[in-house]
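Morning, everyone. Let me put the model up, and then I will walk through it.

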Amino acid sequence: MTDSRSRPEEARLAAAFEALEALKAPFAAESANRAVKIRSCKDCGDCCVHPMNAMLATQLEAEALLDRLERDPELAPRRQELLAAVHEAIERFELLDDEDEPRPYTCPFYDASDGGRCLVHGRGQPLGCTVYRPVGATRCDMPASAFEASVERLREIEDEAFGELGPILTIPVAVARALRARDLGESDGERRPAGDDGDD
Ligand code: SF4
Ligand code: SF4
């Protein structure tokens with residue numbers, strides 16, 4: 001795996017998370033509206049599993065997802081289990097081969113039980129997952145021009161936080177790289193999140 005960039009200081013990262021959530025908010029509202037009026041994601045999940053899912057994420061989005069795992073009282077106790085699923089997905093779907101190319105995989109944050117749901121729906125969910133939505137009774141898609149503009153803004157936020165732009169990777173690879181960046185920060189004396197035993 002290519003070396004990860006170092007992790008920004010906490011305050012800078014927290015500001016970037018807020019900017020990311022603000023960017024996603026109108027898309028999340030529109031998706032919720034469509035879930036009522038057109039088609040609900042409940043009992044579907046097609047776009048989160050192989051062979052349909054090939055969603056990508058930046059390192060900033062991966063950091064935001066990890067932040068959700070640490071702060072969400074439902075997910076925090078499952079953190080190690082979910083990170084193990086991240087590594088399993090990387091191996092099973094060979095996500096490190098041409099790692100910045102879209103490649104189908106089942107997302108480790110998709111919980112297939114009880115009708116299926118995204119465990120990180122809302123805060124920490126990658127932008128593309130928030131933007132992808134029903135466009136008809138049997139079809140879902142991205143609003144192409146709005147998504148392109150939002151990715152431009154996402155990259156601006158990332159550049160402000162990290163001081164440079166990294167690759168856009170499958171969600172499991174992006175999360176694994178964000179974890180690696182944390183390990184590098186740890187070895188430089190950076191704070192490890194509470195309850196992290198460091199054996200990811
Ligand atoms: S966005 Fe579409 S494909 Fe994805 S879970 Fe919702 S209804 Fe299913
Ligand atoms: S993060 Fe959530 S919405 Fe996105 S692919 Fe994974 S399970 Fe699906």
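Where is the place of Ala54? Ala54 sits in the loop between helix 1 and strand 1. Helices here are DSSP runs of H or I with at least four residues, strands are runs of E with at least two, and both are numbered from the N terminus.

Some ground rules. This is a predicted model, where local features need pLDDT of at least 70, side-chain atom pairs count only at pLDDT 80 or more, and totals for chains, interfaces and linings use all residues. Residues are numbered from 1 along each chain as its sequence is written, while chains are lettered from A and ligands numbered from 1 in the order in which they are written.

Back to Ala54. With 17 C-beta neighbours inside 10 Å, Ala54 is partly exposed. The scale is this: buried takes 20 or more other C-beta atoms within 10 Å of the residue's own, exposed takes 12 or fewer, partly exposed is in between, and C-beta atoms are placed from the backbone. Not counting residues up to four places away in sequence, Ala54 touches Pro102, Arg103 and Pro104. Contact means C-beta atoms, placed from the backbone, within 7 Å.

A cis peptide bond joins His50 and Pro51, with omega about 5°. Pro51 lies in the loop between helix 1 and strand 1. Asp43 is exposed, with 9 other C-beta atoms within 10 Å. Asp114 also has a positive phi, near 55°. Its place is the loop between strand 2 (110–111) and strand 3 (117–118). Asp114 is exposed, with 8 other C-beta atoms within 10 Å. For context, most residues other than glycine have a negative phi, and most peptide bonds are trans.

Now the whole chain. It has six helices and six strands. Along the sequence the pattern reads α-β-α-α-β-β-α-β-β-α-β-α. Of its 200 residues, 33% count as buried. Take contacts between residues at least 6 apart in sequence: 77% of them join residues at least 24 apart.

Next, helix packing. How do helix 1 (residues 10–37) and helix 5 (residues 144–162) pack? Their angle is about 170°, and their axes are 9 Å apart. Axes are lines fitted to C-alpha atoms, for helices over the stretch in contact, and angles run from 0 to 180 degrees between N-to-C directions. That makes helix 1 roughly antiparallel to helix 5. By class that is eight nonpolar, one polar and three charged. Nonpolar means Ala, Val, Leu, Ile, Met, Phe, Trp, Tyr, Cys and Pro; charged means Asp, Glu, Lys and Arg; the others, Gly among them, are polar.

Helix 1 and helix 2 pack at about 95°, axes 10 Å apart. They are therefore roughly perpendicular. Leu13, Ala16, Phe17 and Leu20 in helix 1 meet Leu60, Glu63, Ala64 and Asp67 in helix 2. This contact has six nonpolar, no polar and two charged residues.

What about the core? The largest nonpolar core has 39 residues, and Leu20, Ala57 and Val175 are among those with the most contacts inside it. Such a core is a set of buried Ala, Val, Leu, Ile, Met, Phe, Trp, Tyr and Cys residues joined through C-beta atoms within 7 Å. Helix 6 gives the most to this core, seven residues. Leaving aside neighbours within four places in sequence, Val175 is in contact with Ala62, Leu65, Leu66 and Val86.

Last, the ligands. The residues around ligand 1 include Arg39, Asp46, Arg133 and Cys140. To be near, a residue needs its C-beta atom, placed from the backbone, within 6 Å of the molecule. That shell has six nonpolar, one polar and three charged residues. Around ligand 2 we find, among them, Cys48, Asn53, Cys107, Gln125 and Ile171. This shell divides into ten nonpolar, two polar and no charged.

Notes. Angles under 35 degrees count as roughly parallel, over 145 as roughly antiparallel, 65 to 115 as roughly perpendicular and the rest as oblique. Two residues are in contact if their C-beta atoms, placed from the backbone, lie within 7 Å.
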